Amino acid sequence: MIERLIAWSYRNRGIVLLLVGVSAVGGVLAMRAVPLDAIPDLTDPQVIIFTRWMKPPEVVENQVSYPIVTALLGAPRVKSVRAFSDMGFSYVYVIFEEGTDLYWARSRVVEYLQKIRGTLPVDAKVEIGPDATGIGWVFQYALVDRSGRNSLADLRATQDWYLRYALQATPGVAEVAAVGGFPRAYLVEVNPNALASYGVTLDGVVSAVRQSSNEVGGRLLEIAGAEFMVRGAGYVRSAADLETVAVGTDGKGTPIRLSQVAKVTVGPDIRRGAADLDGQGEAVGGIVIMRLGENALRVIDRVKARLE
């Protein structure tokens, strides 16, 4: 058999060379099209449900994690459901059968979450994770200011409000996470003696601050043939805006301002971690998560081009 194949190839050298050329071109095209990744993604389709609710772990487990887990156990093609409850957080991992389309699985999870949304706490914030897997971490960068003119809070603000959105719009990127630095927040330091003096409760202060940053719209007024839109502008843009928030009234109906019972400053929020770069101190970093099924090499090239 082998002798006849060699003899046929010798007599038809042109056909053999043509087949070799076609195979070589096909191999080059296949190499350029195949997704390239450092670690093959062999994980099962998985959807992560993240819930933020500032309560103790036992309460989060009973009122958030348990209802979500029991509801998703009956979802189609679900292999297992795992939950983890922490102080103020709940993570539910829904593992689907192998071969399940990830976006079909995500739509089923959203569908079942809508069924039980009324049974969850009103102030619990439920969201599903990005359409990526645990090995989708393909790129990491750091923001460094050697001149020292920008603090860690300034660099974190640049990451959160500029770089994050620019990179997240890059094709193939599912999420851009931040690490390190100091997230900015308004800090309200309440004076207990002032609260007792004015007869204001702490819950009243919290409620007033929560409702202060808001805008409302009214109706249209027609005056002299022209329409005027009535609206109330109330977005908080600085600490001074918060200081003017009314937290109550005295016996004569005079508003009690937040500045009279508390001190408002701009400072760092509670940090959940820190980052170090080359042992030279803290830095602000970003982690780019690749969307499932994308070509890691091409996504990295797009991210680098976007950063430039």
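Which residues in helix 1 meet Arg 13, Ile 15 and Val 16 in helix 2? Hi everyone, let's find out together. This is a predicted model, where local features need pLDDT of at least 70, side-chain atom pairs count only at pLDDT 80 or more, and totals for chains, interfaces and linings use all residues. Residues are numbered from 1 along each chain as its sequence is written, and side-chain values use heavy atoms, leaving out hydrogens and water.

Now to our question. From helix 1 come Trp 8, Ser 9, Tyr 10 and Arg 11; contact means heavy atoms within 4.5 Å. Of the residues in this contact, four are nonpolar, one is polar and two are charged.

How do the two helices lie? Helices here are DSSP runs of H or I with at least four residues, and strands are E runs of at least two. The axes of helix 1 (residues 2-11) and helix 2 (residues 13-33) come within 5 Å and cross at roughly 95 degrees, with angles running from 0 to 180 degrees between N-to-C directions. That makes helix 1 roughly perpendicular to helix 2, a label for angles of 65 to 115 degrees.

Finally, the whole structure has eight salt bridges, each a Lys or Arg side-chain nitrogen within 4 Å of an Asp or Glu carboxyl oxygen. One of them joins Asp 44 and Lys 79 at 2.6 Å, N to O. Asp 44 sits in the loop between helix 2 and strand 1 (46-52), and Lys 79 in strand 2 (residues 78-86), 35 residues apart.

Methods: Angles under 35 degrees count as roughly parallel, over 145 as roughly antiparallel, 65 to 115 as roughly perpendicular and the rest as oblique. Ala, Val, Leu, Ile, Met, Phe, Trp, Tyr, Cys and Pro count as nonpolar, Asp, Glu, Lys and Arg as charged, and the others, Gly among them, as polar.
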